[in-house]
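Here are my notes for you, point by point. Keep the viewer open while you read.

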Amino acid sequence: MIASRDKAPEREDIEALLPWHAAGTLSRRDADRVEQALAQDAELARRFELVREEMAETIHLNETLGAPSARVAQRLFAAIDAEEDKTTRRPLKFDLGGWLAGLVEHFSPRALAWSGVAAAVAILLQAGLLAGVFLGERGHSYQTASYGEPTASAPGAYALVRFNPNASVGDITKFFDQHKASLVEGPRAGGIYRIQVSKTNLSRDELAKLVAQLAEDKNVVAFIAPTP
Amino acid sequence: MTYVTDNEPDWLLARPIHEPTVGGMQATSDEALISRIATGDRLAMQVLYARHHVRVYRFVLRLVGGNAAVAEDLISDVFLDVWRQAGKFEARSAASTWLLAIARFKALSAMRRKPEEELDEETAGAIEDPADDPEVTAQKKDKGEILRKCLTALSPEHREIIDLVYYHEKSVEEVAGIVGIPEATVKTRMFYARKKLSELLKAAGVDRGWP
């Protein structure tokens, strides 16, 4: 009797955890406790089924709520564009070429001759830095869980693209609309995005032709290549 | 129920919530996107928006009683805040938890501007009166449909916690962080939300034998 009274608070604790057990968001330790209790307590197992029923209908209900209209994204990115115009926030980039050009303007011919040597050194240095950045980014590349590599059976044709840094969100959105393309994954290392360029499978020649067409949009596309 | 928050609190931006083991890969990717957003990468913002806007919209839509126009305005505000505050995100919580916390704050602020009685009337109007003829209702509709009707009839406070746990898959700790209540209260509130749901079901002719 005493033992059963002692078990009552423990059972209440376990019962309170059932919703999170159904959702799979308990720690391993708590999940094990719940599993053990469920195996030994038929009434608790019956109540767990009620929880699962509630969860299924909650998901069903939420999934039927629809999605916001495209106007929300248009309004949001218009607001972001407007903020960008007002603020001085910029990507953390250093324009070595621009810096050198500005410097050269103020030099005498003799100084310029010497600066030729300095420029050569600078170019080598920049090459070294770029290689370092490239290798560093490769080392820190990541893969999204929700946008994993498609399976071989996934229909459609795809390309890897790096957008022109001067392209606005409006330009990119227009690019997607015009070419009926959509963003699949990214950014990967080096600012590369994977995009779907056709909803149906294309032959290698067809895809190459389509990619060549897309590459002509140089205001938006800095680099593009077919990908499986 | 009272939602009183005069100023946007700091905890909204950097709350010490720890990501559970589930979804770790997703959190890492979101974290990288938010770092890029902090440097002004608008494309990273597009990706983050594409990934999360539907769930955030549905969460907000349920909080504001189904008013789609209000919900759309609010999610636009939520993501604009993300754009502005990305540099303050400390990645101690999952990005989705951070988004839902901002969304909740925005939704409750909007609700404060609207009389609660009006919301309750809307909620009540959204379902049929189960007391009219429970047996007939139970016969006509399947149990799932009745359950969904009763979920809609819960108070905003109870709807919120059920959605966070069942649909948004938030742990006890994360719910506590989003709602701003102790973890023990999260469990108690969830229990009472489920109890109320059972009462509504019983009134609609579905006796589950619990509680």
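1. Start with H7(B) and H10(B): their crossing is right-handed. (A crossing is right-handed if the near helix is turned clockwise from the far one by less than a right angle, and left-handed if anticlockwise.) Helices here are DSSP runs of H or I with at least four residues, strands are E runs of at least two, and both are numbered from the N terminus.

2. How do these two helices pack? Helix H7 (residues 143-153) of chain B meets helix H10 (residues 183-203) of chain B at an angle of about 125°, and their axes are 9 Å apart. The axes are lines fitted to C-alpha atoms over the stretch in contact, with angles from 0 to 180 degrees between N-to-C directions. So H7(B) counts as oblique to H10(B), the label left for angles that are not under 35 degrees (roughly parallel), over 145 (roughly antiparallel) or 65 to 115 (roughly perpendicular).

3. Now the residues that touch. H7(B) brings B:Ile146, B:Leu147, B:Cys150, B:Leu151 and B:Ala153, while H10(B) brings B:Leu197, B:Leu200 and B:Leu201; contact means C-beta atoms, placed from the backbone, within 7 Å. By class that gives eight nonpolar, no polar and no charged residues. (Nonpolar covers Ala, Val, Leu, Ile, Met, Phe, Trp, Tyr, Cys and Pro; charged covers Asp, Glu, Lys and Arg; the others, Gly among them, are polar.)

4. A word on the source: this is a predicted model, where local features need pLDDT of at least 70 and side-chain atom pairs count only at pLDDT 80 or more, while totals for chains, interfaces and linings use all residues. Residues are numbered from 1 along each chain as its sequence is written, and chains are lettered from A and ligands numbered from 1 in the order in which they are written.

5. Next, where do the chains meet? 41 residues of chain A are in contact with 51 residues of chain B. H3(A) gives the most to chain A's side, with eleven residues. That side divides into 25 nonpolar, nine polar and seven charged residues.

6. Last, look at A:Ala208, in helix H8 (residues 204-215) of chain A. A:Pro226 is 18 residues away from A:Ala208 in sequence, yet their C-alpha atoms are 6.6 Å apart in space.

Technical notes. Two residues are in contact if their C-beta atoms, placed from the backbone, lie within 7 Å.
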